[in-house]
Amino acid sequence: MARMYPVAFVLLLLVALNAGANLGRDDERFHEELVVRPLSGDHVNTYFQFTTRWHYGDKDNLYHTQLTPRVIAELLQQFAVKELHIGLTQGLWRYETWGYPIVEATSGAEMWAWFSGANLTNREVDRQWKELANVFSGVLCASLNFVDNTNSIAPRHLIRPQFMPANGRRFVRYATLPREIVCTENLTPWKKLLPCGSASGFASLLNSGHVHNTKYHSLGLKVRVLCEDHDEDNCIVELTQTANLVYDLRLFELSNNDFSLRRMFGMGLNGFCELAESSKIYVQRNEQGERYQLVPEPVHEVKTTRGGHSVVYSVYDMHEQFKEPGERLFNVAWLAPKSENRRRNLAKPSLPPVTVHRYLLGHGQERGRIVTEVTNSHYDTLPIMLQEVIPWYVHAYLHTLSIRRKPQRVNEYGRQRLPFKLLHYTPGKQRELPSHLEIGFTLPGQTSALITIDVDYLLLKWLEYPPDANHGHYIGSAIVSSQLPMGRNYTALPPEGHLFEHSFNATRPSYVLSLHTEALIVSLPTPDFSMPYNVICLACTVVALAFGPIHSVATKMIIVGRQASTPKNFVKKIFNKIFRRGKPTDEAAAECEELRAAGAAAVGATGMASARASISPGGPSGDQPLLEDLDEEEEEQD
Amino acid sequence: MDSKFFKLLLLGGAVRFYFCRTPLAPMIGNRVEFATPLNSHKRMQEGIFLLQNGIDPYQGDLVHESPLILSALSGLFQKYPHFLPIFYIILDVCTAALLYAMSLRFVKQKQEQQDVERKEYAKDTEELQFNPLDKFDIPELVIVAYLFNPLTVMSCIGMTSTVISNLFLAFFFYCLVKGLLLPCLLVLAFETVRSFYPIVLIAPLLLVFSRNSIRRGVAISVLFIVSCLLVAIANYFVLNSWNFLDGTLGFIFYFRDLQPNIGLFWYFFTEMFEHFRTMFLITFQLNATVLYLVPLSIKLRKEPLLLATVLVALMAVFRAYPSLGDVGFYLALLPLWKRCWKFMAHGFVVFTFFLVTLSMMGALWHLWIYAGSANANFYFGATLAFSTGQIFLITDLLFAHVKREFCLFNGQKILIDGEEARIVLK
C-alpha cells in the first residue's frame with residue numbers, strides 16, 4: 001500500500017506547476033461543463049461541473065472577489081483550510097450497472113477537509129473544523145452544524161490531500177451525516193454560489209422540480225488552495241461545484257426510449273453564462289450511448305483513451321451554438337432506434353473491477369454484525385483499503401474483526417482468511433468519539449472478501465433519541481479504496497486536473513479508486529418515553545424500602561410488649577379500633593401506667609424512662625431489653 | 001477437610017464443566033443479567049486484544065477491567081483460548097474451597113465464643129446456639145450453596161469476571177476470619193481499585209483488626225490507602241498511563257453505560273432529566289457505599305462477619321453494574337447465619353420473588369428486544385421486583401440477627417401477665 005504515496009506526491013507537484021502555467025496573476029476564470037452519459041438499464045447520468053479558478057496571489061487580495069463567491073474567499077482568511085469537500089446526496093450509486101461515477105459521494109451529507117498551517121494544533125483544528133461545518137451549514141442550508149467530535153474522525157491512510165503542503169503539519173477531518181435529507185433548500189443556495197446564479201448557463205437547467213425527481217442526485221462542492229513553490233503569497237483557489245444526476249428513463253413514461261435535455265430538465269438551454277471562459281456539453285457516444293442518434297448532429301468529436309479504455313464524446317460548444325444574436329433555447333435529443341421501442345435496455349455493462357456492498361446481520365435490538373463485502377473481478381491482485389466510522393451508539397469489538405475470502409463464483413464463504421496488511425483503530429467513546437477503523441489488505445483476482453465485525457447496540461438516554469426513535473439510527477457508509485491498473489469504467493478527474501476535459505487521455509500508472517458502500521440503519525433498544533416520573537419514583541421507592549428497615553435496625557431499640565389484645569378477626573379488629581378511639585384519655589393513661597408497672601415486674605427493668613435515657617439511639621438495643629405496651633393508639637394519646 | 005468436601009468440589013467442577021460444553025454457555029455469556037459492561041467476557045477479550053495490538057484499551061469505552069488483570073490473563077487468552085472455561089472453573093472451585101475453610105474456622109470461633117458466654121444465655125435457647133454438629137453442617141451448606149447455586153454456575157460458565165471478583169472476596173473473607181491482616185488489606189485494595197464498591201469492606205476489616213484501639217485503626221486505614229496507591233501504581237506501569245482510572249473507577253462512578261442489568265441504575269438514569277443527573281448519581285453512589293456503612297458498623301460491631309455479609313449483599317443490590325454472579329456469592333454466605341434462620345420470616349416470599357422475577361426476566365427481555373411486543377418498562381419491573389426481593393432478604397437477616405441476640409440472652413418466651421409477649425423494634 002505504501003507504494004501509492006510517492007506517486008501521489010509526484011502528481012501533486014504537477015498540480016502546482018500546472019497551476020502557474022494556466023493562470024496569470026490576478027487571473028480569474030470560470031468554466032461550465034455538462035456531461036451526459038447513457039447508462040445501462042435505461043438510466044442517464046448527467047454531470048454538471050462549474051469550476052472557478054482564481055490566482056489571487058497575495059492573501060490581501062481575497063477581500064476583493066469577482067467570480068469566486070465571497071464565502072470561499074473569507075474561508076481562506078479565517079481558517080487554515082487547504083482543501084474542502086462537501087457532498088449532499090440522495091440515493092445510491094449502483095456500481096454494478098452504472099460503472100464508477102465521476103465524483104464519489106455517499107448518501108446524506110459528507111464532508112472532509114485538510115488543514116495546514118504553521119503552529120496548528122489538533123485542538124485548534126478541531127475548533128476550526130467545527131466552525132467550518134457551521135459556516136457551510138449556513139451557506140448550503142444543510143445540517144452540517146451537527147458535525148462535531150462525536151462523528152468526526154481523522155483518517156490516517158485512506159484520504160489523501162490534493163494540494164501541496166506549503167509548511168507546517170497537515171491535519172484532516174472527515175464526517176458523514178447519513179441521516180441528512182437533500183432537497184430544494186440545498187440546491188438553491190448551492191446555485192447562488194455560481195457567478196451567473198441560476199439565470200443563465202447550465203445552472204438554469206437545474207430546476208428543483210426535475211432534479212429531485214431523479215433516482216440519484218448529488219451536489220458537490222470542492223475547494224482547493226494550490227500554492228506555488230511553497231509560497232503562501234502565490235496561490236490559486238479553485239472552487240469546483242458539481243451536480244451528478246441519474247435519470248430513470250422509465251419514469252418519463254414515454255412510448256420509446258428517446259430523451260432530450262428538455263425532457264430531463266423541463267426546458268432547453270437558454271445560452272451560456274457570459275462570465276464563463278468555456279461552456280461545453282460532452283455526450284458519450286460509445287457503449288450505452290452507441291445506439292442513440294443525436295439531434296442536432298454534433299460538430300466535434302473527441303476520442304479519449306485512458307488506461308487502455310477508449311471513450312468517444314461528442315462536444316457541443318455553447319459559445320459556437322449561441323454565436324448569432326437572438327433569444328432561443330438549445331436542446332439536444334437522443335433518439336433510440338425504432339426497433340427498441342418500449343423495450344428495456346437490458347444490455348449489461350462490463351462489470352467494474354471492484355464492487356462493494358454492506359449489510360447488517362442478526363436480529364433484535366441487542367447486537368449485530370456489520371458485514372462489508374468487496375469483490376475483485378479483475379484477474380490480478382488488487383490492494384484494498386477500507387475505512388469504517390462506527391458511531392458511538394454502537395460498540396464495535398475489534399477482536400471479532402475478520403476477513404474471509406471466497407472465489408467469486410462460489411456462493412458460500414469458507415474458513416479461508418485473509419491477513420491484514422495494515423490496521424489502524426481508534427476505539428470509540430460514548431457521546432464523545434466514534435470508533436474509527438482502517439484496514440488494508442490485498443485481494444487476489446476473481447475473489448470476494450467478507451469483512452465482518454460484531455457490534456452491540458446501546459441503550460441511550462431518553463432525550464438522546466431523535467423524534468422518531470423507532471426509525472433507527474444510521475451507521476454511515478464505509479469507504480473502500482483501491483488502485484486500479486487500468487482505466488475501465490474509470491471516469492474520475494485526475495487530481496492535477498480541474499476540468500472534465502483534463503480526464504481525456506490522462507493515462508497514469510494507476511488510478512486511485514474510492515467507493516462508498518451503503519449506509520446502514522440499526523434499531524437501538526428504546527426506553528419508554530412517556531414515563532420518566534414513574535421510573536424515578538419507583539426506583540427511589542425501592543431504595544427507600546432498604547433505607548427504612550436498615551435505619552430502624554440500626555437506630556431503634558428492641559422492646560418486649562404485650563400482644564396487642566386485638567381480636568384476630570378482621571372485621572372485629574376494625575370495630576375494636578373505632579371503639580377504642582372513643583375511650584376517654586385518662587382511662588387510657590391509667591391503663592398504660594398499670595401496664596408499665598406489670599411489665600417492670602415481669603422483666604425486672606428499673607424503669608422505663610431512665611432506661612430510655614441511658615441508651616443512645618445508635619447504641620446497642622439488644623443489650624438492654626425494655627418493656628412497653630405496643631398499642632399504637634395509646635402511644636398517640638401519650 | 002474430609003473426603004466429602006473433595007467430592008463436592010469435584011462434583012461442582014463437573015457440573016460447571018458439563019454446562020460449559022452445552023450451548024447454554026455462549027448464551028449466558030451474552031445475557032445482560034450475568035454479563036454487565038464491567039464483567040463481560042467479550043469485553044475482556046477485546047481489552048486483551050487491544051492491549052496486544054498496542055492500542056490503549058481505556059482510550060475507548062469498551063474495556064473496564066483493570067490493566068493488571070488484563071495483562072496477567074493476556075497470555076492465557078491468546079495462547080490457550082480452549083482452556084479458558086477450565087481456568088474459570090478452577091477459580092470458582094477455589095472460591096468454594098476458600099468459603100468452606102472460612103466457614104469452618106468461623107463456626108469454630110463461634111463455638112469458642114459460645115463456651116465463654118454460655119452462662120449468660122437464657123434457658124430455652126439451645127436451638128439458637130451453635131451445636132457441635134454445626135461444625136460439619138454449616139461449612140457443607142456454604143459450599144453446596146456456592147457450588148450448586150444456578151446463579152454461580154451460570155456466572156462461571158458465562159466466563160464473567162465476577163468469578164475473579166468472587167475469588168478475591170472469598171479470599172478476603174478467609175483472611176478476615178483467619179486474622180491475616182496483610183493479605184486481607186492487599187486483596188481488598190486490589191478489589192477496590194478494580195471495582196470501587198468493595199471499599200466498604202474496610203469497616204469489618206477495621207473492626208476485626210483494630211481491636212478497639214483507635215491508633216491501630218488509623219494505622220490500618222493508612223496502610224489500606226497506601227496499598228490502594230500501590231495497586232494503582234502497579235496498574236499504571238502496565239500501560240504507563242492513568243487512563244485506566246477513568247476507564248474503571250470513573251466509568252463505575254459516572255455510570256456511563258446504560259446497558260440494562262439487574263440493578264436499579266440503568267433505567268433510572270436512562271429516564272433521568274439531565275440537570276438532575278449529577279445529584280442523583282451522587283445520591284445513588286452514596287446509597288451504595290457510605291449510607292449504610294456507619295450505622296451498620298456501629299450496630300454490628302460485635303459481628304464483623306455479619307457486617308461484611310450484609311455489606312456484600314447491599315453492594316450486590318445497589319452497585320452500578322450488578323450481576324447475578326454477585327447475588328450468588330452472598331447467597332452462599334447465608335448458611336453462616338443458620339442459627340438466625342428461625343427468625344427469618346420472609347423466606348418464602350423472598351424465594352418466590354427470586355423464582356418469579358428471574359424467570360420473568362428472560363421472557364420480558366425477549367419480548368422487549370426481539371419480539372418488540374413489550375417495552376423497557378416490563379423488564380424494568382422485573383429487575384425492580386428482584387431488587388425488592390433481595391432487600392427483603394437482607395433486612396430480614398438483620399432483623400433475625402437482632403432478635404436472635406435478644407432471645408439468646410432473654411429467652412425465647414417472654415411472658416407478660418402469663419401471656420406471650422411480642423418483640424418489636426421501636
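Hi everyone, let's start with chain B, where buried residues make up 51% of the 426 residues. Before I go further, please keep in mind that this is a predicted model.

So what is chain B built from? It has 19 helices and two strands. Its radius of gyration is 22 Å, close to the 22 Å that the globule rule gives for 426 residues, so chain B is as compact as a globular protein of that length. If you draw a box around its C-alpha atoms along the principal axes, that box is roughly 75 × 50 × 50 Å. And when we take contacts in chain B between residues at least 6 apart in sequence, 75% of them join residues at least 24 apart.

Let me show you one pair of helices in chain B. Please find α10, residues 202–210, and α16, residues 304–318, both in chain B. Their axes come within 9 Å and cross at roughly 175°. An angle over 145 degrees counts as roughly antiparallel, and α10(B) and α16(B) are therefore roughly antiparallel to each other. Which residues meet there? From α10(B) we have B:Ala203, B:Pro204, B:Leu207 and B:Val208, and from α16(B) they meet B:Pro304, B:Leu305, B:Leu307, B:Ala308 and B:Leu311. The residues of this contact divide into nine nonpolar, no polar and no charged.

Now over to chain A, and to some strands. Strand β6 of chain A, residues 169–177, is mostly covered, with seven of its nine residues buried. Which strands pair with β6(A)? One of them is β4 of chain A, residues 108–117, which pairs with β6(A) in the antiparallel sense over nine bridges. Within that part of the picture, A:Gly117 has A:Arg169 in β6(A) as its bridge partner. Another is β5 of chain A, residues 152–153, also antiparallel to β6(A), over two bridges. Here you can look for A:Ser152, which stands opposite A:Ala175 in β6(A).

Further along chain A there is an open sheet of four strands, in the order β15-β16-β21-β18, with antiparallel pairing. The edge strands are β15 (354–361) and β18 (394–407) of chain A, each pairing on one side only. On average, neighbouring strands of this sheet are turned by 15° against each other, direction ignored. If you want to zoom in, β15(A) is joined to β16 of chain A, residues 367–376, by eight bridges, and the two run antiparallel. A:Arg358 has its bridge partner in β16(A), namely A:Thr372.

Finally, how do the two chains meet? Their contact takes 58 residues from chain B and 54 residues from chain A. On the chain B side, several elements each supply at least two residues, among them α3 (41–52), α18 (347–371), α19 (376–410) and β2 (419–425). Which element gives the most to this side? That is α19(B), with 14 residues. The residues of the side of chain B that touches chain A divide into 32 nonpolar, 12 polar and 14 charged.

Strand β26 of chain A, residues 558–562, pairs with β2(B) in the antiparallel sense over five bridges. To find the spot on your screen, look for A:Gly561, whose bridge partner in β2(B) is B:Arg422. As a reminder, strands of a sheet pair through backbone hydrogen bonds, either parallel or antiparallel.

Note on methods:
Residues numbered from 1 in each chain as written. Chains lettered and ligands numbered in written order. Predicted model: local features only at pLDDT ≥ 70, side-chain atom pairs only at ≥ 80, totals over all residues. Axes fitted to C-alpha atoms, helices over the stretch in contact; angles between N-to-C directions. Parallel < 35°, antiparallel > 145°, perpendicular 65-115°, else oblique. Contact = placed C-beta atoms within 7 Å. Nonpolar A, V, L, I, M, F, W, Y, C, P; charged D, E, K, R; others polar. Buried ≥ 20, exposed ≤ 12 C-beta atoms within 10 Å, placed from the backbone. Pairing = 2+ DSSP bridges. Rg over C-alpha atoms; globule rule 2.2 N^0.38 Å.
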